[in-house]
Amino acid sequence: QVQLVESGGGLVQAGGSLRLSCTTSGRVISDYSMGWFRQAPGKERELVAAVSRSGDSTLYADSGKGRFTISRDNAKSTVILQMNSLKPEDTAVYYCAAKPTLILYGSLCYSTQNEYNYWGQGTQVTVSS
């Protein structure tokens, strides 16, 4: 089992940047596909970005394309979500998620929350206008 801890959230003005980190422990992160999701008040949890187990594939929701970048550093057991040009509609709790993945499927990214087995507690991102 893997434990996930998010950090880096906070309050930022529109147009600003934040760097979210997801630190893992308990298992080797290289065995997992990883994703970032977010949930705004009154809305369902949605995908922000995902990265494959191998790290050679990424997937972004349309809302974040061109502004967000997901990356992973297996040696540091960390997954990063770099968010630039933030908008008020990006305000949400951001969650890191992990899915155990066979090497055979190492280049796949997963887009739905039901596909992920482990979740962090979330970090709040608030973007003011």
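## Basis of the description

Because the model is predicted, local features need pLDDT of at least 70 and side-chain atom pairs count only at pLDDT 80 or more, while totals for chains, interfaces and linings use all residues. Residues are numbered from 1 along each chain as its sequence is written, and side-chain values use heavy atoms, with hydrogens and water left out.

Cys22 and Cys96 are the residues joined, with an S to S distance of 2.1 Å, and the angle of -80 degrees about the S-S bond makes their link left-handed. This pair connects distant parts of the chain, since Cys22 belongs to strand 3 (residues 18–25) and Cys96 to strand 9 (residues 92–100), 74 residues apart; strands here are DSSP runs of E with at least two residues, numbered from the N terminus. Both Cys22 and Cys96 are buried, where buried means under 20% relative accessible area, exposed over 50%, and partly exposed in between, with a 1.4 Å probe and protein chains only.

Cys109 is partly exposed, at a relative accessible area of 23%.

## Nonpolar cores

A nonpolar core is a set of buried Ala, Val, Leu, Ile, Met, Phe, Trp, Tyr and Cys residues joined through side-chain atoms within 4.5 Å. The largest one has 27 residues, and those with the most contacts inside it are Met34, Trp36, Ile70, Leu81, Met83 and Tyr94. Among the elements that give two or more residues to this core are strand 4 (32–39), strand 5 (46–51) and strand 11 (123–128), and the largest share, 4 residues, comes from strand 9. A second, separate core of 6 residues includes Phe37, Ala97, Tyr110 and Tyr116.

## Salt bridges

The structure holds 6 salt bridges, each being a side-chain nitrogen of Lys or Arg within 4 Å of a carboxyl oxygen of Asp or Glu. Asp31 takes part in one with Arg27, at 4.0 Å from N to O, and in another with Arg53, at 3.6 Å from N to O.

Arg67 forms a salt bridge with Asp90, the closest N and O atoms being 2.8 Å apart. Both Arg67 and Asp90 are buried, and salt bridges that share partners join Arg38, Glu46, Arg67 and Asp90 into one network.

An open sheet is formed by 4 strands in the order 1-3-8-7, with antiparallel pairing; two strands count as paired if DSSP finds at least two bridges between them. The edge strands, strand 1 (3–7) and strand 7, each pair on one side only. Strand 7 and strand 8 run antiparallel and are joined by 6 bridges, and Arg72 has Val79 in strand 8 as its bridge partner.

Terms used: Disulfide = S-S within 2.5 Å.
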